[in-house]
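Dear colleague,

I am handing over to you the structure shown below. The notes that follow set out what was found in it.

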Amino acid sequence: MKLNRIILPLMACALTWSSCDDQIMEWKNSDGSITASDIPLALKEKIANYDYIKSYVAQYAPNMNVGLGLGADLYINDAAYRTIADANFQMFTTGNAMKHSAVVKANGDLNFTTIDAFLNLVPADIQIYGHNFLWHTQQKQTYLKSLIAPEVVVEVGDDDVCENIVSNYGFETDYNGWSSWSNHTKEIVSPGYESNGALKLTVSSSSTASYSDQLFWTCDNVLEAGETYAFQFWARTETPGAKVQFLGQSSDYRQQIYGSTFELTSAWVKYTGEYTITEDKDAIIRIGIQFGGMEAEIFIDDFKFGKKIEEKMINIIDDGKFEDGTLGSWFGWGNGSTRTISEKGQGYNSDYCMVMVNPSDGDSWSAQTAHSFPETLTVGKTYMYSAMVKATVINPDFTLQVQDANGGNGEGYVSAATAVDQWIPIEGEFVCSHEGIARLCINYGKVAGTYYIDNFKFGEKKETATAQTLRASTRAGGISYKLKTPEEKKAALLGAMEAWIKGMLQHQGMERVKEWDVINEPIADNNQWRGIDGNFMSNGDDAPDTAPVEDEENGLNLNWANDHFYWGYYIGKEYAVKAFEYARKYAAADVKLYVNDYNLETNPSKLAALIDFVNYIEDNGQTVDGIGTQMHVTASSITREQIDAMFKTMAATGKLVRVTELDVALGTSSPSAEQLATQANVYQMIFESYKANVPESQQSGITIWTLSDNAAEHEYWLSGDAPNLFDANYERKHAYKGVCDGIAGKDISEDFSGDDWKNAYETEGEETPAE
């Protein structure tokens, strides 16, 4: 038997080494000799004398391999961690580094920096398991949302909202007069917004926050206290998710004013806003934008700033800003809808706004919020309205109407807008033609969801005014949204899916990846396909996940969490077939393709649904090579009968069978000796069941999920537990022995003897700590 020759202080130990005496025992007889009977082989000494895990795989199970799920950054940066991983395992699976959100940038490009650094360090004889192409979490939601978002249609207008004092506002030939700093470059590009030039700002990946990158124009004089100033500029981006925020500063940076933040689109859009200079802001002299926080390309044109031009209406709604934290005179009815004040900070660049919730789909007028006028409107006069609106859903039938006090007569629907998932303005005007008009109604009953209203104004139009009403965001009345059809969304997402899979498989160095999770966790805990027919059950949760950026087809209130994305919601069941089609198209002929899911050992119905999922893919012309079972199990409850049944069912498919993410939780970070022994027995039991129930020709192998109990590996997974083979200090645990014995099918330490220890002791000559 080949041993590690690792010398430890010999101790008299129980099953756990925490109670051992760490003083060196005197074994030598009076004549200096040592016999096997003189040397006690307690548990820790046995574990230290075990060889590396992969040596037992080669000896007892040469048709399978044992892998490790690890953090790529930890492997790259921690040499001790890397040494243990390299010595023990035959295959590595990165926990996050190869997932969609880690590699895909906001504009769809792929960033291989971490992957390349990882591959360059992994020895050539260690295989890499690809994890994963498609999942319902850790997808670059910002990019995918941009592909299916409504198209922004901009109506061009010429009116200014300010008395402009910026001389080089058009960037026609240069950016003279503009200063900037930090993680970006500047250049003049053509064309601009209906002009020959625009300013292009290219932000590097090292920009970590909005304030990391700033652009300023210095005014001739400081801004006047008590005056209201307005800005307007046109902007677009090539990077979905890029944002800019209006900013003012004093020359010594001690005074700052912060205005509107705008999420840019690929179309040129006019952005405007205002700021009243207070007495404590008496030294503001620079104005501009901050635009850092992510790698991006941003284009700016026609940047104007100056004193605000007078508004066009005589506002008669004095409680439309909600800054006193109350609803004022706003009220409503219908459909079980509610109206409340927002949490502080949720308003449009303000503390508060009104929050309206429509609990179910209906007609537009099914849910209404109303406000009475101080006087009835005058027939023949022109009235205007403006407001900022945001919603958690897309509602193409968000409308405004005016009516008499009893709701019997009115102007009908005087406006129709599309509410979307970011603050946008609505604005319009109409001529009153009915007597007795005494209130307005906001109608939002068409689509269930939550709606936010701020800065609501209504009043008689000033016929003598020459400027547009000042808007606090994109040019009111100048934007509309063209919703994409289901077919357009499907085509866009399939294109993104193919580009992602192709880019990964064809990247230099990825040819060493011979096995891939093509689809991870496709079956929900209710045993249905995730994302199909409104099925959004999340991991073990009875409540549905939250909604996508827009789902106007059926109005489901689904408000998805950050970086969740259900490909099947937009593509249908075909998404699974297309994923395997693209993977097969671009992968080498010897690459094996898997589906992978969890809780299969405790939920036979879920396993059956996963097998049906595989059958559907194959019935539609593609081949699934293997099925992965994660096996995040709990030591105190998992049984051999459950494990045997699962492996037998999986083996009956004829597919390769892999345990992809094995760990054994104890429910505590301070386990007892008995719990450590139970954990070791469970690890051993799983390996033995795998070998007994999965034919050798179908044994892909078993991957242990994370190396150690160190907190660095459990920030987001099984924190406060001790599920692994090595403890927090990278020392072997009882579970290490369980894995090795499971691979061998016997207690390997029964072959050890005192002579082994004697040989090691005499060869090394001194005591060294175990790995």
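Two strands are taken to pair if DSSP finds at least two bridges between them. On that basis strand 8 (residues 198-203) pairs with strand 15, because five bridges join the two. These two strands run antiparallel, and within the pairing K200 stands opposite F299 of strand 15. Please bear in mind throughout that this is a predicted model.

Strand 15 and its partners

Strand 15 covers residues 296-308. Strand 10 (residues 228-237) is also antiparallel to strand 15, and eight bridges join them. Strand 5 (residues 162-164) is joined to strand 15 by three bridges, again in an antiparallel arrangement. K307 of strand 15 has a residue opposite it in each of these two pairings: Y229 stands opposite K307, and E163 stands opposite K307 as well.

Is strand 15 mostly covered or mostly open? The strand is mostly covered, with ten of its 13 residues buried.

The surroundings of H131

H131 is found in strand 3, which spans residues 127-134. Its relative accessible area is 2%; the cut-off for buried is under 20%, and H131 therefore counts as buried. Which side chain makes a polar contact with the side chain of H131? The partner is D517, at 2.8 Å. When neighbours within four places in sequence are left aside, the residues in contact with H131 include T93, T94, G95, M98 and K99. Further along the chain, W516, N520, N596, E661 and W705 are also among the contacts of H131, as is D517 itself.

The surroundings of W717

W717 belongs to the loop that lies between strand 33 (699-705) and helix 14 (734-744). With a relative accessible area of 34%, W717 falls between the limits of 20% and 50% and is therefore partly exposed. Not counting residues up to four places away in sequence, W717 touches H632, D663 and W705. With D663 there is also a polar contact between the side chains, at 2.9 Å. The C-alpha atom of W717 is separated by 9.8 Å from that of T706, a residue eleven places away along the chain.

With kind regards

Key:
Residues are numbered from 1 along each chain as its sequence is written. This is a predicted model: local features need pLDDT of at least 70, side-chain atom pairs count only at pLDDT 80 or more; totals for chains, interfaces and linings use all residues. Side-chain values use heavy atoms; hydrogens and water are left out. Helices (H or I, at least four residues) and strands (E, at least two) are DSSP runs, numbered from the N terminus. Buried means under 20% relative accessible area, exposed over 50%, partly exposed in between (1.4 Å probe, protein chains only). A polar contact is a pair of N or O atoms within 3.5 Å; within protein, one must be able to donate a hydrogen and the other to accept it, and residues adjacent in sequence count only if both atoms are side-chain atoms. Contact means heavy atoms within 4.5 Å.
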